[in-house]
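I opened the model and kept notes as I went. The entries follow in the order of my look-ups.

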Amino acid sequence: MTTSTTDPRLLVHAYVDGELDPANALELERQLANDPALAAERERIEALRRTIAERLPREAAPAGLARRIEAAVGARPAPARIAAHPSWRALAASVMVAAFLGSGATWLALSPAPADADMVVANHVRALMAPHPVDVESSDGHTVKPWFSGRIPEAPRVVDLSNDGFALVGGRIDVIGRTPIPTLVYRVRQHLISVSALRAGRAAAMPNEQIAGYNLVSWTDNGVTYWAVSNVAAADLNAFVKAFRAAAPDGNT
Amino acid sequence: MGSLSSEDDQARFASVVLPHLADAYALARWLTGDRADAEDVVQEACLRALRGIGGFAGVNARAWLLTIVRHAAYTWLGKNRSASLLVVDDLEAVERQQASGASAFRQEPQTPEAALIASADARRLEAAIAELPVPFRETLVLRDVQGLDYREIAEVTKVPIGTVMSRLARARRRLMQRLAEDEEKAGS
């Protein structure tokens with residue numbers, strides 16, 4: 001595999017898909033700049049992906065299918081929100097599976113990345129391994145926000161996204177470098193999403209990326225740079241970020 | 001009904017499997033090529049999922065379910081379309097042979113412009129994807145239609161991540177060439 005994966009004609013696909021690590025991505029960008037045929041191939045791949053996304057949108061399952069399945073297995077429809085507590089053992093297992101799967105291919109986005117990104121992922125992983133992923137556990141923003149106020153200079157923006165399918169689990173204080181950073185935790189299905197709020201200027205916001213199998217999105221709103229990290233699919237994480245940015249802060253509705 | 005599944009299993013099934021029914025159906029439809037057959041495959045997969053729900057580690061429900069759906073679809077294809085399950089090793093060997101000799105990409109006869117690809121309508125695109133051999137088709141559908149990342153696709157299709165990348169590259173290449181051929185026919 002090591003021989004075939006140096007072929008830029010293959011790697012350009014991984015590049016377009018955001019699956020190359022920064023070192024290989026840089027190298028490929030250099031090749032793109034010097035090789036018009038490769039650059040044209042990249043444009044074709046992007047055109048194909050765009051066209052598929054536009055013309056063949058994801059369909060819903062046929063109306064009767066869910067009922068048919070429920071009848072076949074004797075199950076009831078899923079609750080709108082998951083009430084069950086996720087199993088921390090299972091989440092810890094997911095970290096190990098991610099680490100194991102990630103070790104296979106060296107051209108993947110695994111290592112060097114901006115230091116803040118690494119720290120945000122490290123904090124998320126540590127929280128998944130800990131007995132509790134949060135220091136204050138509450139689905140109520142009016143409980144979580146004051147908890148921060150007593151501990152750090154600026155409490156983060158806490159929003160209620162339960163209508164969007166993202167339940168607030170609580171909050172914790174992470175440390176990046178020597179700076180305490182407020183982090184909120186939301187749950188979607190079995191997965192947790194950590195959102196850390198850094199003072200802008202610390203880190204340049206950047207587009208989606210993946211570190212060690214975790215999806216990572218960063219953006220800046222009102223002078224605060226946010227990092228969202230989770231093992232949910234990139235599309236779900238993007239939906240979360242969209243909902244988070246659109247939501248009114250708690251107590252401000 | 002002296003059921004094999006406990007109430008717990010059924011509740012877990014409802015929260016783990018049912019949210020991903022649309023993805024399950026989409027993969028089954030792309031693999032079988034037929035809506036009614038896809039529903040049968042999804043039902044069979046769901047019964048298997050219910051039986052196996054105790055072994056689900058709670059990590060990635062969608063990838064877990066799609067793995068089961070793919071397996072059920074392959075069983076279905078084996079019964080009904082056995083010719084479509086060409087052994088993939090043979091397939092990739094043939095491709096390599098064709099590719100070697102001439103430095104493959106630069107001299108390919110059909111190298112469409114990006115604009116031509118962007119002009120493909122849904123029907124042509126769907127037909128071109130349906131013509132792909134199963135291993136290429138499933139990889140492309142999981143990535144470009146269903147939005148899984150390479151790691152998840154490797155998990156679902158049970159191949160190394162490097163193979164995911166090379167299959168995806170081949171699938172996209174074939175699609176591009178097919179769309180160029182369509183255009184040529186339409187233009188002549």
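I started at Val42(B). Beyond its neighbours within four places in sequence, Val42(B) is in contact with Leu65(A), Ala24(B), Tyr25(B), Ala28(B) and Val69(B). For contact I take C-beta atoms, placed from the backbone, within 7 Å.

This is a predicted model, where local features need pLDDT of at least 70 and side-chain atom pairs count only at pLDDT 80 or more, while totals for chains, interfaces and linings use all residues. Residues are numbered from 1 along each chain as its sequence is written, and chains are lettered from A and ligands numbered from 1 in the order in which they are written.

Next I looked up the cores. A nonpolar core is a set of buried Ala, Val, Leu, Ile, Met, Phe, Trp, Tyr and Cys residues joined through C-beta atoms within 7 Å. Buried means 20 or more other C-beta atoms within 10 Å of the residue's own, with C-beta atoms placed from the backbone. The largest core has 67 residues, and Ala24(B), Ala28(B), Val42(B) and Val69(B) touch the most other members. A second, separate core holds 37 residues, including Ala127(A), Val134(A), Tyr186(A) and Leu192(A).

I turned to helix pairs. Helices are DSSP runs of H or I with at least four residues, strands are E runs of at least two, both numbered from the N terminus. Axes are lines fitted to C-alpha atoms, for helices over the stretch in contact, with angles from 0 to 180 degrees between N-to-C directions.

In chain B, the axes of helix 2 (residues 21-32) and helix 8 (residues 134-145) come within 10 Å and cross at roughly 150°. The two are therefore roughly antiparallel, a label for angles over 145 degrees. Helix 2 of chain B contributes Ala26(B), Leu27(B), Trp30(B) and Leu31(B) to the contact, and helix 8 of chain B contributes Val134(B), Arg137(B), Glu138(B), Val141(B) and Val145(B).

Pro8(A), Leu11(A), Val12(A) and Tyr15(A) of helix 1 meet Asn24(A), Ala25(A), Leu28(A) and Gln31(A) of helix 2.

I find eight helices and seven strands in chain A. Of its 253 residues, 38% are buried.

Terms used
Angles under 35 degrees count as roughly parallel, over 145 as roughly antiparallel, 65 to 115 as roughly perpendicular and the rest as oblique. Two residues are in contact if their C-beta atoms, placed from the backbone, lie within 7 Å. A residue is buried if 20 or more other C-beta atoms lie within 10 Å of its own, exposed if 12 or fewer, and partly exposed in between; C-beta atoms are placed from the backbone.
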